[in-house]
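Subject: The structure, and what turned up in it

Hi,

Here is the structure I promised to pass on. Please open it alongside this note, and my notes on what is in it follow below.

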Amino acid sequence: MLTLDEILGIVYLQLTGIGFLGNLTLLILNSFNFLTAHTVRPKNVIIIQLAFSNAMVLLFVGTPTITRLWKVKCVLDRTGIKIITYMQRLSRGLSLNSTCLLNVFQAITISLNNSLWAQVKIKAPKTIIRCIVLCWIFHLIFHMHIFLRHDGPKNSTVSKDGCRTGYRTLDVYNNNHIKFQIITFVHDTFFVGLMTASSVHMVLILYRHRRNLNHIHSKSTSTKISPEMRATKSILLLVATFVLFNTFSRICIICMLFVKSINMWMIHTIVLLALCYPTVSPFILVSINKQVPNSCAC
């Protein structure tokens, strides 16, 4: 008879395995298209960054959680645990920024060609690489506080039931931990708000596009949805998925900080929400670029 921890470990293993293989496949195929294409597609660069970030999330969040649930003895010292926690925070931040960047870039791409958006459309593809580099620099520096803080007895990293990484290192009585969680919440809220604004902008464009299609359809029997509109719908679904999981995850963290208690069911819920988005995202992203299915067929 399997215990609850063993069942949860199997669930996390399936999510981690399926998501990691999906992101790895997406990363390889988009990298191949990026290297062999005659012209560089900025959207491919963003998808490569997003797939890599999500694969890191699954690797550094899923694996330590599974080993802890299966009571694998922790063989890492405090420095090793801090490195794992650092990679968890780094990959999650990069995943958030990459999703936001993809959403904003798509909103710019499908915008009307008036005088204002025409200039933005010309400049946007040239700034993608710089935006990705800035995201890496910001998160590499921002999460360095993990190595500088002192962990008390409550946050002992050595345990017979596995390593205490990620949210298990959170000390609800430590003011520094609470401050950084508040800063992270503000950071996430800003980018989620930016994604929401650009998503509303795209929804309005899709509405006008659908209205024009209905008008054309009344005069013609053949109508075809453009690839950009199909990609826009996929990106909107991707953003909605991220916002849903991220919002519930942050609510759970705030609840733990408010009640001053680390609840294991809350921890399991946060980890599950953290694994769901990077698991489903590659299957949504595949529909954006038809070159990926074509490469798979080859």
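A residue is called buried here when its relative accessible area is under 20%, exposed when that area is over 50%, and partly exposed in between, using a 1.4 Å probe and protein chains only. By that cut-off Phe142, at 19% relative accessibility, counts as buried.

A word on where the values come from. The model is predicted, so to speak of a local feature at all I needed pLDDT of at least 70, and side-chain atom pairs count only at pLDDT 80 or more, while totals for chains, interfaces and linings use all residues. Residues are numbered from 1 along each chain as its sequence is written, and side-chain values use heavy atoms, with hydrogens and water left out.

**Overall build**

The protein has 10 helices and zero strands; helices (H or I, at least four residues) and strands (E, at least two) are DSSP runs numbered from the N terminus. Of its 298 residues, 47% count as buried. A contact means heavy atoms within 4.5 Å. Among contacts between residues at least 6 apart in sequence, 83% join residues at least 24 apart. The accessible surface comes to about 15900 Å², with 71% of it belonging to carbon and sulfur atoms; areas come from the Shrake-Rupley method with a 1.4 Å probe, and for residues only the protein chains shown count as cover.

**Cores**

A nonpolar core is a set of buried Ala, Val, Leu, Ile, Met, Phe, Trp, Tyr and Cys residues joined through side-chain atoms within 4.5 Å. The largest one has 37 residues, and Leu102, Ile128, Met195, Leu238 and Leu285 have the most contacts inside it. Elements that give two or more residues to this core include α1 (4–36), α3 (78–109) and α7 (175–217). There is also a second, separate core of 17 residues, with Ile178, Cys252, Met256 and Ile267 among them.

**Salt bridges**

A salt bridge is a side-chain nitrogen of Lys or Arg within 4 Å of a carboxyl oxygen of Asp or Glu, and the structure holds three. Lys71 pairs with Asp5, with the closest N and O atoms 3.3 Å apart. This pair links distant parts of the chain, since Lys71 is in the loop between α2 and α3 and Asp5 is in helix α1, 66 residues apart. Lys71 is partly exposed at 46% relative accessible area, and Asp5 is partly exposed at 25%.

Which residues are linked in a network of salt bridges? They are Arg92, Asp188 and Arg250. Asp188 meets Arg92 at 2.7 Å, N to O. Asp188 lies in helix α7 and Arg92 in helix α3, so this bridge ties together parts that are 96 residues apart in sequence. Arg250 also bridges to Asp188, at 3.2 Å between the closest N and O atoms; Arg250 sits in helix α8, 62 residues away from Asp188. Both Arg250 and Asp188 are buried, Asp188 with a relative accessible area of 2%.

**Aromatic pairs**

Rings of Phe, Tyr and Trp (its six-membered ring) pair if their centres lie within 6.5 Å; planes under 30 degrees apart count as stacked, over 60 as edge-to-face and the rest as tilted. Six such pairs were found in the whole structure. One of them is Phe52 with Trp136, a tilted pair with 6.2 Å centre to centre and 35 degrees between the planes. Phe52 belongs to helix α2 and Trp136 to helix α5, 84 residues apart.

Phe138 and Phe142 are stacked, at 5.5 Å centre to centre and 10 degrees between the planes. Why are Phe138 and Phe142 separated by about one helical turn? Because they are four residues apart in helix α5. Phe138 is partly exposed, at 39%. Ring pairs link Phe138, Phe142 and Phe180 into a cluster.

Phe180 is also touched by His145, which touches Arg89 as well, not counting residues up to four places away in sequence. His145 lies in helix α6 (residues 145–148) and is buried at 11% relative accessibility.

Happy browsing, and do write back with questions.

Best wishes
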